[in-house]
Amino acid sequence: MKKSVKRNLIAAAFIVPSLFIFINVVIIPFVMGIVYSFTDWDGFKFAGSNFVGFGNYVRVFQDSDFLTSFGLTFKYAVCMIILVNVIGLSLAMLVTSKIKSRNLLRSIYFLPNLIGGLILGFIWKFVFTKFFVQVGEVMGNSSIFFNWLDDPTASFWALVFVGTWQMAGYVMIIYIAAIQGVSDEVLEAADMDGAGGWMRFRKIMFPLIMPAFTISLFLTLSNAFKQYDTNISLTNGGPYGTTELVAMNIFKTAFSMNQYALAQSKAIIFFLVILVVTVTQVVISKKREVEQ
Amino acid sequence: MKRRNKSTSILLEVIAWVSGLLMLLPMYIMFVNSFKGRAEIFTDTFGLPKSFSFEYYAAAMDKMNFLSAFKNSLLVSVISIGLIIIFSAMTSWMLVRMKNKLSNGILLLFVGTMLIPFQSVMIPLMQYLNKWDIPSLNFSMINTHYGLIFMYIGFGLSMSVFLYHGFIKGVPIALEEAAMIEGCNTWQTFWKVVFPMLTPITMTVGILNLLWIWNDYLLPSLTLTSPALRTIPLSTFFFFGEFTIQWNLAMAGLVVSIIPVIIFYLFAQKYIIKGVMAGAVK
């Protein structure tokens with residue numbers, strides 16, 4: 001009896017400190033957030049706030065700015081998924097082929113990842129506003145080289161561009177790990193059977209690196225949805241609020257407009273959407289892994 | 001791969017280098033313009049600067065209070081990561097070895113909440129931790145480095161426990177039992193026998209958390225209000241907002257804030273890339 005008490009105390013000593021911090025930083029605020037989203041809390045004292053049922057949620061769906069942000073975020077996520085993974089996989093194929101200086105190139109491709117989205121956004125802001133404009137002047141062709149950040153559509157693509165530039169190197173690393181896991185024997189066997197480059201890629205490589213797709217798509221998707229840093233540093237939602245992604249909209253609702261309860265309802269919806277979208281993606285990708 | 005002929009491999013080489021240079025182009029532009037005067041930037045952002053003087057660097061470092069920001073970033077990152085490693089390794093090991101309903105429940109709590117985005121907890125979190133203030137002791141979770149570290153540990157635990165737990169499941173128990181028989185207590189067994197065996201995953205956990213915490217702007221922007229406490233991303237943000245008209249100064253500031261990362265990357269790139277690979281496979 002005494003021994004088991006002692007054993008439990010030891011186990012508790014290993015677990016309770018982490019659990020304490022985790023519960024106080026994540027779990028309690030998360031639960032509070034759900035409760036707040038059903039009240040008219042004003043950001044100050046919670047006592048005295050009234051229960052308003054689904055009132056905030058109704059307002060969220062009437063908030064056209066928020067709906068626009070959400071639409072834009074979906075579009076952003078789709079573009080990111082396609083571009084980041086196509087480019088990331090291509091880079092991975094490049095540096096796992098027998099080219100010289102592949103290690104150096106791998107390091108270069110990964111480099112943007114080490115620099116946070118905030119600073120990257122600032123660097124690109126200069127590139128778009130100064131460098132692009134000058135190149136446009138020199139070439140006399142301003143259909144590509146103009147200040148992207150002045151134009152709503154081009155600003156959106158600027159966000160996608162910089163996001164891709166940052167994340168492609170990260171998923172490249174994941175694909176490299178997967179490609180290196182494919183044994184040479186399998187590839188040689190395919191060669192002997194006369195499978196050409198594309199055939200070999202599609203029939204042999206692709207199925208074998210499917211698990212890497214699951215992870216890369218998941219990471220791209222959740223990062224794209226949560227994008228905030230590059231959004232504030234590169235476009236800051238502009239021009240005229242046309243490039244405001246969801247995370248930024250929630251921030252502004254809370255900290256610029258002081259509509260805390262409304263912002264919290266948006267944040268809960270945001271969570272549910274991320275949950276549904278990423279879980280769906282993982283389930284679909286996993287299924288394909290098993291089939292092959 | 002041996003069927004590839006010479007011209008294709010030259011083509012691949014060229015493509016690879018062009019992509020590499022395109023990746024580096026923004027860095028190059030940032031670097032050269034940090035030396036250029038106003039008129040020079042106005043006419044030419046691409047060429048090498050006429051002279052390399054460090055006047056903008058000195059001014060930028062001074063205006064963004066770089067040394068203090070660097071010290072703050074280093075302090076917050078190192079302590080947060082150290083504690084995340086200690087806490088998550090200990091907890092994960094105990095959870096794996098307990099193997100009962102309670103431990104499964106706790107694991108589920110840590111891992112199942114990984115998808116909660118920061119935006120969904122930030123507003124109540126600030127409100128909640130604000131209540132912990134003890135004015136008489138000068139204790140506050142908001143606008144202090146220890147408060148920020150506390151939050152980093154909380155947010156970092158999910159993924160770290162997930163990674164450690166996955167790794168420890170594959171660590172044989174025999175060595176631990178031998179150590180116990182030799183008279184080690186649980187604490188000693190963990191630190192002397194188990195923890196050294198976890199080194200590969202400890203590297204991964206450390207690196208993934210470093211990439212996040214060092215570059216994080218969100219959390220410090222919400223909790224730190226005193227300029228003296230600012231970390232590098234936060235001071236870069238305020239600095240850049242003030243000096244966008246003076247691009248040379250702004251670029252010098254950006255170069256300075258990136259230098260620590262680049263230096264670290266030169267020395268630790270092998271571990272960083274390995275760490276990211278191992279983290280993704282799990």
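Tyr271(B) sits in helix α13 of chain B. The model is a predicted one, and this residue makes a handy way in. Leaving aside residues up to four places away in sequence, Tyr271(B) touches Met203(B) and Ile207(B). With Ile207(B), the C-alpha atoms lie 8.0 Å apart in space, although 64 residues separate the pair in sequence.

Read from the N terminus, the order of elements is simply α-α-α-α-α-α-α-α-α-α-α-α-α. The C-alpha trace spans about 75 × 75 × 35 Å along its principal axes. The radius of gyration of chain B is 24 Å, whereas a compact globule of 282 residues would come in near 19 Å. Buried residues account for 40% of the 282 residues in the chain. Of the contacts in chain B between residues at least 6 apart in sequence, 74% link residues at least 24 apart.

α4(B) is built from 33 residues, and 47 Å lie between its first C-alpha and its last, close to the 48 Å expected at 1.5 Å a residue. Just after α4(B) comes Lys99(B), with a positive phi of about 50°.

Residues 12–31 of chain B are 100% helix and 0% strand, with end C-alpha atoms 28 Å apart. Residues 74–95 of chain B are likewise 100% helix and 0% strand, and there the end C-alpha atoms are 31 Å apart.

Then there is the partner chain. Chain B puts 66 residues into the contact, and chain A also puts in 66 residues. On the side of chain B that touches chain A, at least two residues each come from α1 (6–33), α4 (66–98), α5 (101–112), α6 (118–130), α7 (145–168), α10 (199–215), α12 (232–243) and α13 (247–281) of chain B. Sorted by class, that side of chain B holds 48 nonpolar, 16 polar and 2 charged residues. The list of contributing helices includes α13, the helix that carries Tyr271(B).

Technical notes:
Residues are numbered from 1 along each chain as its sequence is written. Chains are lettered from A and ligands numbered from 1 in the order in which they are written. This is a predicted model: local features need pLDDT of at least 70, side-chain atom pairs count only at pLDDT 80 or more; totals for chains, interfaces and linings use all residues. Two residues are in contact if their C-beta atoms, placed from the backbone, lie within 7 Å. Helices (H or I, at least four residues) and strands (E, at least two) are DSSP runs, numbered from the N terminus. Ala, Val, Leu, Ile, Met, Phe, Trp, Tyr, Cys and Pro count as nonpolar, Asp, Glu, Lys and Arg as charged, and the others, Gly among them, as polar. The expected span of a helix is 1.5 Å times one less than its number of residues. The radius of gyration is taken over C-alpha atoms; the globule rule is 2.2 Å times the number of residues to the power 0.38. A residue is buried if 20 or more other C-beta atoms lie within 10 Å of its own, exposed if 12 or fewer, and partly exposed in between; C-beta atoms are placed from the backbone.
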